[in-house]
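Subject: Model handover

Hello,

Here is the structure for your files. My notes follow below it.

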Amino acid sequence: MKQLRSVKGTHDILPNEIYKWKQLETIVSQACEQFGYHEIRNPIFEETGLFSRSVGEETDIVTKEMYSWEDIDGKHLTLRPELTASVTRAFIQHNLGNQSPIQRLYYSGPLFRRERPQKGRQRQFHQFGVEAFGSNNPEQDTEIIAIAWRILSQCELEKETILNLNSIGSQECRNKYRTALKDYIQPYIKDFSQTSQHRFETNPLRILDTKSEKEQTILKEAPKISDYHTRNDSSHFDSLIGFLKDISIPFSINHKLVRGLDYYTGTVFEFNSGNLGAQDALLGGGRYNGLVETLGGKPTPGIGFAAGIERFLIAMEQSKLDTKESNLDIYFVCLGEKALSSVLEISQKLRGIGLKVISDTLRRSMKSQLREANKLEAKYALMIGENEINDGNVIFKDLSKGIQKTILQSDIINFFEELTN
Ligand code: HAM
């Protein structure tokens with residue numbers, strides 16, 4: 001029979017990789033909680049309209065990357081391709097804005113985009129991220145970037161990443177800039193790719209994102225969005241820059257950074273890593289001051305970021321983080337069926353005082369059980385055979401020191417409590 005395999009672009013996360021995942025998840029939750037953020041968990045699928053209205057009808061995500069279907073009752077549903085939309089929907093649905101003037105939220109979980117798989121790009125991938133609703137001040141932008149910086153530093157990635165920063169301004173600024181950019185590109189439009197020609201009509205700012213060298217050369221002399229910033233846009237961005245300097249977070253201003261989701265206004269940023277190849281965006285985010293209103297809530301400013309967990313782990317391959325979980329405390333060797341109930345009972349008691357215990361379930365020889373104990377790098381082995389059952393004893397062996405002694409079964413908990421204190 002043909003062997004079934006995981007679907008293209010999806011991956012199993014195997015036990016030998018999980019420890020790194022857990023470490024990263026711990027770093028993320030500790031950093032977010034240090035900044036007063038609370039975790040939110042949203043459903044994996046939502047109504048399709050949530051994403052088309054927020055991410056944008058004409059974006060790559062909505063036009064070609066979503067896993068969508070019509071449900072039996074005729075509802076159009078989609079596996080979430082990103083989480084800002086879901087978090088914002090939940091913010092509105094549960095009136096979180098009424099609970100406090102600022103809502104600071106963080107999350108992590110799987111996302112789905114039907115992209116062409118390559119290193120660092122999958123069809124099911126995972127993100128962690130943060131969203132803050134309620135403040136339109138530049139210190140809020142600073143806080144969001146500072147969380148990203150703290151996580152990158154904890155992962156020892158701060159030296160190899162660059163923070164690219166831009167402001168795509170207010171609606172008013174973008175309307176004027178869109179016209180100026182189109183006027184500039186118009187004479188060269190025949191030299192642009194089909195994708196860029198299409199974007200010229202639907203979302204000209206996205207042309208600035210082009211990977212084509214030819215198009216990039218033409219765009220070198222293009223007008224800059226900062227020339228169209230309103231007074232508020234400029235003073236917000238200048239304050240942010242000042243605050244980032246105050247807290248020593250290095251950045252590079254990149255006038256061409258526009259990001260591929262339609263809800264952004266004002267500040268946008270990305271942390272890019274030199275260790276990732278073509279998919280070098282580790283983390284991206286920005287302000288979305290109109291999103292709550294677009295989705296039917298009261299006008300509320302918002303800003304956040306999300307980062308690809310797989311990309312973080314690729315970038316962290318060189319880092320000094322541990323790759324292994326702490327060792328097993330005890331491997332319990334069981335010799336003969338009669339010993340089984342004592343072994344099971346004592347193992348339970350030992351787990352009760354917090355020890356990690358495996359007892360053999362294959363009824364193997366003493367030699368192969370001890371070999372397994374060494375392979376698993378257990379600190380200690382305990383052994384019970386027929387003699388020990390008759391005498392009420394258990395044999396204790398310290399596997400690194402090679403010391404062995406006999407202990408009364410009734411003393412075993414006291415013995416380990418003293419040993420491990
Ligand atoms: P995004 O730029 O689409 O933004 O994704 C954020 C990060 O997710 C990327 O920088 C990348 O590390 C990772 N990522 C995206 N697509 C893939 C993929 N196919 N495979 C592996 N990793 C991927 C957002 O999703 C926004 N919701 C971020 C945000 C939050 N903006 C404001 N708040």
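In which sense do β10 and β11 pair, and over how many bridges? Strand β10 (residues 281–287) and β11 pair in the antiparallel sense, over five bridges. Strands here are DSSP E runs of at least two residues and helices are H or I runs of at least four, numbered from the N terminus. Two strands pair if DSSP finds at least two bridges between them.

First, the ground rules. This is a predicted model: local features need pLDDT of at least 70, side-chain atom pairs count only at pLDDT 80 or more, and totals for chains, interfaces and linings use all residues. Residues are numbered from 1 along each chain as its sequence is written, and side-chain values use heavy atoms, with hydrogens and water left out.

Strand β11

β11 also pairs with β6 (residues 124–133), antiparallel, over seven bridges. Ala307 of β11 stands opposite Phe128. Ala307 is also the bridge partner of Leu283. Seven of the seven residues of β11 (residues 302–308) are buried, so the strand is largely enclosed by the rest of the structure. Buried means under 20% relative accessible area, with a 1.4 Å probe and protein chains only. Gly302, Gly304, Ala306 and Gly308 point one way from β11. Ile303, Phe305 and Ala307 point the other way. In a regular strand the side chains alternate between the two faces of the sheet.

The ligand

The ligand is surrounded by 27 residues (a heavy atom within 4 Å). The closest are Glu82, Thr84, Glu115, Gln122 and Tyr264. Polar contacts are pairs of N or O atoms within 3.5 Å. A polar side-chain atom of Arg113 lies 2.9 Å from a ligand oxygen atom. For a side-chain N or O atom of Gln127, the distance to a ligand oxygen atom is 3.0 Å. Phe305 places a backbone N or O atom 3.4 Å from a ligand nitrogen atom. Taken alone, the ligand exposes 660 Å², and the protein buries 96% of that (Shrake-Rupley method, 1.4 Å probe). β6, β10 and β11 are the elements that give two or more residues to the shell. β10 gives the largest share, six residues.

The open sheet

Five strands form an open sheet in the order β13-β12-β14-β15-β16, with mixed pairing. Its edge strands, β13 (357–359) and β16 (404–408), each pair on one side only. β12 (residues 330–334) and β13 run parallel over three bridges. There, Ile330 has Val357 as its bridge partner.

Best wishes

Conventions:
Buried < 20%, exposed > 50% of the residue type's maximum accessible area, 1.4 Å probe, protein only. Polar contact = N/O pair within 3.5 Å; in protein donor to acceptor, adjacent residues only side chain to side chain.
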